Amino acid sequence: MRHDHLITSKQLSRADVELVLDRAAEIDREPGAVADRHADALLGLLFFEPSTRTKLSFETAMKRLGGDVVDMGAVESSSVTKGETLADTVRVVEGYADALVLRHPREGAATMASEFADVPVVNAGDGAGHHPSQTLLDLYTIRENAGLEGLTIGVVGDLKYGRTVHSLAYALAEFGAQQHFVSPESLRLPREVVYDLHQEGASIREHEELADVLPSLDVLYVTRIQRERFPDEAEYREVAGRYRIDAESLAAADDGLTVMHPLPRVDEIAPDVDDTDHAAYFQQAHNGVPVRMALLDLLLGDPDE
Ligand code: NCD
């Protein structure tokens, strides 16, 4: 890849995406072939916000490539509580590890970290900003289920604070997808994202009712209302539970509809959807491993060179 750091999906061309997805597919078919490929590599995990899938799948990915991780652990048990700055933490840990994965509540944190690190930095979520490695596994899942050509996707829920949404939207623009964004007025896509997407010539439309677009969709990408980002709890309660998908509501959808969710879900998708052929969210979470293996492999480079 042309880039040392992965901060936002905006930096990924269609060719970059295809390179990662093709490598991931290769690894998925024959994981044993790369089992010792990065035997000396150490991945630094800096998670300043909760995570289950992202952190565990990066850890699994590094170990499945033969390497290991150094993990800062919970913020409460790190020197952050003594007042250490992010810049200093990064400058120290980059000396221990061959690449860093950072999740942080502040937008722009990963960009800043990349300025202090000589090793590749992967942004695993910066506030309501971006989450590009999630996008890669989302694209991998879409490619497996619906294909990336001629795609019509509906993205529903918290489009304002949902960083997975922002990252996915930029990447899908590269593939010429028709994107329908469904949310309450107060949780629409940030205007700067809409502006950028228009500049890219992306085909996007905004809606308040899912029923208006559901029958036309190949993929429905459901998101959690990002409660932790709301300045006011009352505002959260106003929009919580607004879009709830269950097996009955999907009767209006195409039989081939793929339902995705970056997880964790709260109550956006009822458990009765899990048993339908639509559900792809657990497969999506599992895809995090081969996709992050491919990404790490490309960022770490050829170990024999
Ligand atoms: C997402 C995130 O952290 O942005 N989770 C994830 O990485 N799979 C989505 C969310 O928290 O709702």
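Mentor: Let us begin with Asp138, whose side chain makes a polar contact with the side chain of Tyr221 at 2.6 Å. Please keep in mind throughout that this is a predicted model.

Trainee: Which side chain of opposite charge is nearest to Asp138, and how far away is it?

Mentor: A salt bridge needs a side-chain nitrogen of Lys or Arg within 4 Å of a carboxyl oxygen of Asp or Glu. For Asp138 the nearest side chain of opposite charge is Arg292, 7.8 Å away, and Asp138 is therefore buried without a salt bridge.

Trainee: What is the corresponding picture for Glu94, and where is Glu94 found?

Mentor: Glu94 is found in the loop between helix H3 (86-93) and strand E3 (99-104). Glu94 is buried and has no salt bridge, with Arg91, the nearest side chain of opposite charge, 7.9 Å away. A polar atom of the Glu94 side chain does, however, lie 2.5 Å from the backbone nitrogen of Asp118. Leaving aside neighbours within four places in sequence, the contacts of Glu94 are Leu100, Phe116, Ala117, Asp118 and Val119.

Trainee: Why does Lys55 count as buried?

Mentor: The cut-off for buried is under 20% relative accessible area, and Lys55 counts as buried because its relative accessibility is 18%. Lys55 is found in helix H2, residues 53-64, and, apart from neighbours within four places in sequence, is in contact with Leu45, Phe47, Asp71 and Gly73. The C-alpha atoms of Lys55 and Ala124 are separated by 8.5 Å, although these residues are 69 residues apart along the chain.

Trainee: How many helices and strands are there in the protein, and what percentage of the residues count as buried?

Mentor: The protein has 10 helices and 9 strands. Its radius of gyration is 19 Å, close to the 19 Å that the globule rule gives for 305 residues, so the protein is as compact as a globular protein of that length. Of those 305 residues, 55% count as buried. Among contacts with a separation of 6 or more, 73% are between residues 24 or more positions apart.

Note on methods. Residues numbered from 1 in each chain as written. Predicted model: local features only at pLDDT ≥ 70, side-chain atom pairs only at ≥ 80, totals over all residues. Heavy atoms only, no water. Helix = DSSP H or I, 4+ residues; strand = E, 2+ residues; numbered from the N terminus. Buried < 20%, exposed > 50% of the residue type's maximum accessible area, 1.4 Å probe, protein only. Lys, Arg positive; Asp, Glu negative; His and termini not counted. Polar contact = N/O pair within 3.5 Å; in protein donor to acceptor, adjacent residues only side chain to side chain. Contact = heavy atoms within 4.5 Å. Rg over C-alpha atoms; globule rule 2.2 N^0.38 Å.
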